[in-house]
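Here are my notes for you to read alongside the model. Keep the picture open and find each part as you go.

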Amino acid sequence: MVARLFDAIFGCRHSHYSFPVTIRGRGRRPQAGALTGTYVACLDCGREFPYDWQEMKVITSQSETRQYRAALAHKQTA
Ligand SMILES: [Zn+2]
C-alpha cells in the first residue's frame, strides 16, 4: 500500500542504479553530476542523480540537494 502510493506520487522508486560515473574534465557535464562530480542513472526510468562517494549514497531528495548546494557554495566562498 505504501509502496503503491509512493509509485503513484513519484512514478518510479529508483531502486536500481547504474555504477556511479565520475565526471572528469569540463567536457560533458550532466546536471546531476555538477553537484558532487559523480552521478548514477536509474536503470528503471533513466533519470540521473548526484552520488556522494564519501557517504556512498544517492542524493534523490530536494532537501538533500539543497544541503549539498549550500555546502558547495560555502566551500567556494571560503
Ligand atoms: Zn527511476
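1. Before anything else, remember that this is a predicted model: local features need pLDDT of at least 70, side-chain atom pairs count only at pLDDT 80 or more, and totals for chains, interfaces and linings use all residues. Residues are numbered from 1 along each chain as its sequence is written.

2. Start with the overall layout. The protein has three helices and four strands, and along the sequence they come in the pattern α-β-α-β-β-β-α. Both kinds of element are DSSP runs numbered from the N terminus: helices are H or I with at least four residues, strands are E with at least two.

3. To count as a pair, two strands need at least two bridges between them in DSSP.

4. Next, look at strand 2 (residues 38–41) and strand 3 (residues 48–52), which run antiparallel and are joined by three bridges. Here V40 stands opposite F49 of strand 3. The hairpin has six residues between these strands, and in it G46 takes a positive phi near 85°.

5. Carry on to strand 4 (residues 57–58). It pairs with strand 3 over two bridges, again in the antiparallel sense, and Y51 stands opposite V58 in strand 4. This hairpin has four residues between the strands, with M56 at a positive phi near 55°.

6. What makes up the largest nonpolar core? Seven residues do: A32, Y39, V40, A41, F49, Y51 and I59.

7. How much of the protein is buried? Of its 78 residues, 13% are. Buried means 20 or more other C-beta atoms within 10 Å of a residue's own, exposed means 12 or fewer, and partly exposed is in between, with C-beta atoms placed from the backbone.

8. Last, pick out A32. Leaving aside neighbours within four places in sequence, A32 is in contact with Y39, E48, F49 and P50. Contact means that the C-beta atoms, placed from the backbone, lie within 7 Å.

Conventions
A nonpolar core is a set of buried Ala, Val, Leu, Ile, Met, Phe, Trp, Tyr and Cys residues joined through C-beta atoms within 7 Å. Two residues are in contact if their C-beta atoms, placed from the backbone, lie within 7 Å.
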